[in-house]
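Reader: I would like to learn how to read the local features of a model such as this one, beginning with the backbone and going on to the packing of helices. Could we take them in turn?

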Amino acid sequence: MSLMQMEDVRAYYRTEAYGISRSVRAVDGVSLELLENEIYGVAGESSCGKTTLIKVISGTVKPPLRVESGRVDFNFGDFEVDMLKISPEDMRQNVRWKEISYVMQGSMSVLNPVRKISRTFEDIVGTHQGIPDKKAFREQMREHVMRLGLPPDVLTLYPHQLSGGMRQRVAIALATVFHPSLIIADEPTTALDVVVQRGVLHMLKDIQAESANTVLLVTHDLAVHANVADRVGIMYAGRIVEEGPTQTIFQAPRHPYTEHLINSLPVIGDKTVKKSLGGAPPNLADPPSGCRFHPRCPLAMDRCRTEMPEMIMLSERHRVACHLVEEGRA
């Protein structure tokens, strides 16, 4: 069953200085669906629009970012909402943290350095539902962190007394305190060593399996998606260029950009030299005409330089936007 339907969303950063107007097309015609009880991964290089996509989905759009067109409809079971039209008060009372929570990149930026972890829990829960009985609440928080594999003593500590991995686990515990329908995880393993990364990812998977909620996992690390995600969307220059089940994306990628991303992954025992993809993502204030990947694509045709490819369905859940695939050349 569908949790969220996004239709042809265009979100631009619009600025004006010294009489010069500038628009950065960070999200430019994105349509996607999030299903209940799944982990959906969004992958792509930096500056491809992943963070802006999160802002639109989570309803945290603020100037200079503006949504020019499209819809973002959520079905939370008890009620439905268009995230682009919801009032700030309804958002605070009914959606934020209760239905949609956010595991931000860099846990030290999330946790207040001068407040103990228990006080941070109190701040969040008190803001959204109140705390009539503090003693009972502290016991609930103790049970919550223990259920997630954290020692109960973590509640008595300050953020600087925790390791990076422990802080990230605390951030996940904060994001799941209301058992939300959607957890947005923005680069949750950044700056963590591989052993700690594994622990954090296992924690996310266990929470998702236990609560049967949806996780939107955004990271440039394709290895993380390979181990965690049920479906993956590949984003390039503000657009989704390929989407499908994780196994399909990794075993049979159809878009040239997806192939380059996957081929860049290290493989145990493989000593061949990896070919890098030349260039960089385009300036989204002045994107190239046609397919936005064509300046870097070794297979680009004349058509790619002038026509924007439409998304075509290859199977029930696998879709791609590429002229080569449409013409049967890839």
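Author: We can begin with the backbone just after α1, where Gly59 takes a positive phi of about 70 degrees. Please keep in mind throughout that this is a predicted model.

Reader: How should I read a positive phi in general, and which residue other than glycine has a phi near 55 degrees?

Author: Most residues other than glycine have a negative phi, and most peptide bonds are trans. Here the residue is Tyr18, with a positive phi near 55 degrees, and Tyr18 belongs to the loop between β1 (2–17) and β2 (20–35). Ala237 also has a positive phi, of about 50 degrees, although it is not a glycine, and Ala237 is placed in the loop between β9 (231–236) and β10 (239–245).

Reader: Is Tyr18 buried or exposed, and what is the answer for Ala237?

Author: Tyr18 has a relative accessible area of 84% and therefore counts as exposed, whereas Ala237 is buried, its relative accessible area being 0%.

Reader: Where is there a cis peptide bond?

Author: The cis peptide bond joins Pro63 and Pro64, with omega at about 10 degrees. Pro64 lies in the loop between α1 (50–58) and β4 (65–75).

Reader: Let us turn to the packing of helices. At what angle do α4 and α6 pack, and which residues meet there?

Author: The general idea is that an α-helix has 3.6 residues a turn, so residues three or four places apart point the same way. In this case helix α4 (residues 117–128) and helix α6 (residues 164–175) pack at an angle of about 25 degrees, with their axes 11 Å apart. Because angles under 35 degrees count as roughly parallel, α4 is roughly parallel to α6. The crossing of these two helices is right-handed. On the α4 side Ile117, Thr120, Phe121 and Ile124 take part, and they meet Val170, Ala173 and Leu174 of α6. The residues of this contact of α4 with α6 divide into six nonpolar, one polar and no charged.

Reader: How does α4 pack with α5, and what classes of residue make up that contact?

Author: α4 and helix α5 (residues 134–147) pack at an angle of about 110 degrees, and their axes are 11 Å apart. That makes α4 roughly perpendicular to α5, and the crossing in which α4 passes α5 is right-handed. From α4 the contact takes Phe121, Glu122 and Val125, and from α5 it takes Lys134, Phe137, Arg138, Met141, His144 and Val145. By class, the contact of α4 with α5 has five nonpolar, one polar and three charged residues.

Reader: How do α6 and α7 cross, and which residues meet in their contact?

Author: The axes of α6 and helix α7 (residues 194–211) come within 10 Å and cross at roughly 15 degrees, which means that α6 is roughly parallel to α7. Here, too, a right-handed crossing is found, with α6 passing α7. Gly165, Gln168, Arg169, Ile172 and Ala173 in α6 meet Val196, Gly199, Val200, Met203, Leu204 and Ile207 in α7. The contact of α6 with α7 is made up, by class, of seven nonpolar, three polar and one charged residues.

Reader: Finally, how should I read the cysteines, and how many disulfides does the structure hold?

Author: A disulfide is a covalent bond between the sulfur atoms of two cysteines. The structure holds zero disulfides. Cys297 is in no disulfide, and its nearest cysteine sulfur, that of Cys304, is 6.4 Å away; Cys297 is buried, with a relative accessible area of 13%. Cys322 is in no disulfide either, the nearest cysteine sulfur being that of Cys304 at 6.3 Å, and Cys322 is buried, with a relative accessible area of 6%.

Methods:
Residues are numbered from 1 along each chain as its sequence is written. This is a predicted model: local features need pLDDT of at least 70, side-chain atom pairs count only at pLDDT 80 or more; totals for chains, interfaces and linings use all residues. Side-chain values use heavy atoms; hydrogens and water are left out. Axes are lines fitted to C-alpha atoms, for helices over the stretch in contact, and angles run from 0 to 180 degrees between N-to-C directions. Helices (H or I, at least four residues) and strands (E, at least two) are DSSP runs, numbered from the N terminus. Angles under 35 degrees count as roughly parallel, over 145 as roughly antiparallel, 65 to 115 as roughly perpendicular and the rest as oblique. A crossing is left-handed if the near helix is turned anticlockwise from the far one by less than a right angle, and right-handed if clockwise. Contact means heavy atoms within 4.5 Å. Ala, Val, Leu, Ile, Met, Phe, Trp, Tyr, Cys and Pro count as nonpolar, Asp, Glu, Lys and Arg as charged, and the others, Gly among them, as polar. A disulfide is a pair of cysteine sulfur atoms within 2.5 Å. Buried means under 20% relative accessible area, exposed over 50%, partly exposed in between (1.4 Å probe, protein chains only).
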